Amino acid sequence: MKKTQDPEFRYRRSQPKTPSQKKIDKIKNKSIEQFNVGLSYFRFFGTIWGLKNILPYVSIVLRKFFFVQYLQKMHLINFPVKHVDHALDEKVPFRTDKLPCYLDFISYWIRPMSMILKRYGFHEGMKLDCEYVNYISYIYDEAYHMYSTTLTTTYRPKSSLASIKSLQFWDPHYLCVPSLHVAIVMLTIGFYRMLFEREMFSPEEKDKWNKEIFDHGIEIIETVLYVKQHSVNCIPAAMYMMSRKCPELVDESLSHEVIDALFVNAPDVEKTDGEKIRRHICAFYDKFMKESESEDDWITPIMNWLETYEPNTPSWANNN
């Protein structure tokens, strides 16, 4: 994850060649959903160049996301674990049918990479895809700075659905704050907005693909509450981390834009409750941003909050 000296494009290695009009025309009318994630898997895991860039990411995810949770679960380490549930979590119904969208999180950020490979070709497209992969590795690494200090969790409802039971069994559920689901959605929205401008995509391409990435990102953020993998408190913490660590991609304006879109079109969340959720997330995000102005370490405002926070105990906690 070597950085360049350019703070605006910290992981850019070289400028890709402009693709031919034929390549552009071939895919410009496709939706992001139509691009096969298998193409990116093949290019990254099937080539030396791809492996050189993807293996550091895989290593960070294993060491700093999965291992820390399983070591805690097996009582091989003993970090403090803090509940972060909030009363507003109960305003969002438990929706098991939202699980596929929640699990689409990885494909969500891989599909645009496949689009880039199709538009530019393998050699030139990989320059841009590797730029994104270095960012995502950096974010996992930064999140671990928090995870290695204090683990956080929430109560999860029991379900008879096999897929939910499997998720809850295999996920130790100790890394709620900040939510990496939310952080990577924010990264993906911000990165491609930047990339489409920098690489001079057509107005039609920018409008179409930015909207798709944004809209599906909102759906994924909402699912972290629908499937009860996170609390409303986890969302602003992730946005705050992104604004502090990747301000060139995720600024306060983008964060507020995302917050303002949450649960606006949710028929199963009361309009007044949706507004309360948005206000809470916005207030917490702004609070963290304000407090961080006098702190060198981005996790300090979150740690200060956790020290005194009294979590809500949701109705479904009695069934755990």
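This is a predicted model: local features need pLDDT of at least 70, side-chain atom pairs count only at pLDDT 80 or more; totals for chains, interfaces and linings use all residues.

**A surface patch, then the rest of the chain**

Leu62, Phe66, Phe67, Leu71, Met74 and Leu76 make up a nonpolar patch on the surface, and together they have about 560 Å² of accessible area. A patch takes residues with over 30% relative accessible area and no salt bridge, joining like charges within 9 Å and nonpolar side chains (Val, Leu, Ile, Met, Phe, Trp, Tyr) within 5 Å. Accessible areas come from the Shrake-Rupley method with a 1.4 Å probe, and for residues only the protein chains shown count as cover.

Residues are numbered from 1 along each chain as its sequence is written, and side-chain values use heavy atoms, with hydrogens and water left out.

Met74 sits in the loop between α3 (48-73) and β1 (81-83). Helices (H or I, at least four residues) and strands (E, at least two) are DSSP runs, numbered from the N terminus. Why is Met74 called exposed? Because its relative accessible area is 51%, and exposed means over 50%, buried under 20%, and partly exposed in between (1.4 Å probe, protein chains only).

Now the whole chain. It has 13 helices and 2 strands. Its C-alpha atoms fill a box of roughly 60 × 45 × 40 Å along the principal axes. The radius of gyration is 20 Å, which agrees with the value near 20 Å for a compact globule of 320 residues; it is taken over C-alpha atoms, and the globule rule is 2.2 Å times the number of residues to the power 0.38. Of the 320 residues, 55% count as buried. The chain exposes about 14600 Å², with carbon and sulfur atoms supplying 54% of that. Among contacts (heavy atoms within 4.5 Å) between residues at least 6 apart in sequence, 82% join residues at least 24 apart.

α10 covers residues 234-245, has 12 residues, and reaches 17 Å from its first C-alpha to its last, close to the 16 Å expected. The expected span is 1.5 Å times one less than the number of residues. How many of the 12 residues of α10 are buried? The count is 11, among them Cys234, Tyr240, Ser243 and Lys245. The cover over these buried residues includes α6 (122-147), α8 (180-198), α9 (203-226), α11 (252-261), α12 (271-292) and α13 (300-308).

One of those covering helices, α8, holds Ile184. Ile184 counts as buried because its relative accessibility is 0%. Leaving aside neighbours within four places in sequence, Ile184 is in contact with Phe105, Trp109, Tyr132, Ile136, Ile139 and Tyr140.

On to charges. Side chains of opposite charge can pair when their charged atoms come close. The count is 20 salt bridges. Lys28 and Asp25 form one, at 3.3 Å from N to O. Both partners are partly exposed, Lys28 with a relative accessible area of 34% and Asp25 with 36%. Another joins Lys206 to Glu197 at 3.2 Å, N to O; here Lys206 is buried, at 17%. Glu199 pairs with Arg198, with the closest N and O atoms 2.7 Å apart, and both of these residues are buried. Elsewhere, salt bridges with shared partners link Glu33, Asp104 and Arg111 into one network.

Last, the backbone. Most residues other than glycine have a negative phi, and most peptide bonds are trans. Where are the exceptions here? Val177 and Pro178 are joined by a cis peptide bond, with omega about -5 degrees, and Pro178 lies in the loop between α7 (162-170) and α8. Met200, in the loop between α8 and α9, has a positive phi of about 55 degrees. Lys228, in the loop between α9 and α10, has a phi near 60 degrees, also positive.

Notes: A salt bridge is a side-chain nitrogen of Lys or Arg within 4 Å of a carboxyl oxygen of Asp or Glu.
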